[in-house]
Amino acid sequence: MASAVWLDALTNGMSSREAAENWDLPQEACEEIFAYCEANKALIEAEAREELQRLNRENLEVEARA
């Protein structure tokens with residue numbers, strides 16, 4: 001998922017170039033991923049909250065990340 005690439009890059013302080021190398025993706029794809037995720041940050045955060053709530057309902061413990 002695009003958000004996985006983006007969140008991994010943010011968590012590890014990677015640029016889009018570094019993320020492209022890390023995930024073995026074309027640089028242009030990572031630039032598009034970063035642009036999409038930054039433009040849709042609120043939606044991605046809402047989806048993450050919903051997923052966390054679903055996992056909690058199923059009694060699965062997960063550690064929330066910023």
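I began with Ala9, which counts as buried because its relative accessibility is 1%. Buried means under 20% relative accessible area, exposed over 50%, and partly exposed in between (1.4 Å probe, protein chains only). Ala9 sits in helix α1. I listed its contacts, leaving out residues up to four places away in sequence: Ala9 touches Met14, Ala19 and Phe34. Contact here means heavy atoms within 4.5 Å.

**Ground rules**

I noted that this is a predicted model, where local features need pLDDT of at least 70, side-chain atom pairs count only at pLDDT 80 or more, and totals for chains, interfaces and linings use all residues. Residues are numbered from 1 along each chain as its sequence is written, and side-chain values use heavy atoms, with hydrogens and water left out.

**Confidence**

I checked pLDDT, the predictor's confidence in each residue, from 0 to 100. The protein averages 90, and 92% of the residues score at least 70. Which helix has the lowest confidence, and which the highest? Helix α4 (residues 41-57) is lowest at a mean of 90, and helix α3 (residues 27-39) is highest at 96.

**Overall layout**

Helices (H or I, at least four residues) and strands (E, at least two) are DSSP runs, numbered from the N terminus. The pattern along the sequence is α-α-α-α. The C-alpha atoms fill a box of roughly 40 × 20 × 15 Å along the principal axes. Of the 66 residues, 21% are buried. I looked at contacts with a separation of 6 or more: 34% of them join residues 24 or more positions apart.

**Helix α1 against α3**

Two packed helices are described by the angle between their axes and the distance between the axes. Axes are lines fitted to C-alpha atoms, for helices over the stretch in contact, and angles run from 0 to 180 degrees between N-to-C directions. Helix α1 (residues 2-11) packs on α3 at about 90°, with the axes 9 Å apart. That angle makes α1 roughly perpendicular to α3. My cut-offs: under 35 degrees is roughly parallel, over 145 roughly antiparallel, 65 to 115 roughly perpendicular, and the rest oblique.

I then listed the residues. From α1 come Ala2, Ser3, Val5, Trp6 and Ala9; from α3 come Cys30, Ile33, Phe34, Cys37 and Glu38. By class, the α1 and α3 contact has 8 nonpolar, 1 polar and 1 charged residues. Ala, Val, Leu, Ile, Met, Phe, Trp, Tyr, Cys and Pro count as nonpolar, Asp, Glu, Lys and Arg as charged, and the others, Gly among them, as polar.

I looked at Ser3 on its own. Ser3 lies in helix α1 and counts as buried because its relative accessibility is 15%. Ser3 touches Cys37 and Ile44, not counting residues up to four places away in sequence.

**Helix α2 against α3**

I repeated the check for α2 and α3. They pack at about 120°, with axes 8 Å apart. They are therefore oblique to each other. Ser16, Arg17, Ala19 and Ala20 in α2 meet Gln27, Cys30, Glu31 and Phe34 in α3. The classes in this α2 and α3 contact are 4 nonpolar, 2 polar and 2 charged.

**Helix α3 against α4**

How are α3 and α4 set to each other? Their axes come within 4 Å and cross at roughly 80°, and the two helices are therefore roughly perpendicular. Tyr36, Cys37, Glu38 and Ala39 of α3 make the contact with Lys41, Leu43 and Ile44 of α4. I sorted the residues of the α3 and α4 contact into 5 nonpolar, no polar and 2 charged.

**Loops**

I checked Asp24 in the loop between α2 (16-23) and α3. Buried or exposed? Asp24 counts as exposed because its relative accessibility is 71%. Phi of Asp24 is near 55°, a positive value in a residue other than glycine. Most residues other than glycine have a negative phi.

My last stop was Asn12, in the loop between α1 and α2. Asn12 counts as partly exposed because its relative accessibility is 48%. From Asn12 to Pro26 I read 14 residues in sequence and 19 Å in space, C-alpha to C-alpha.
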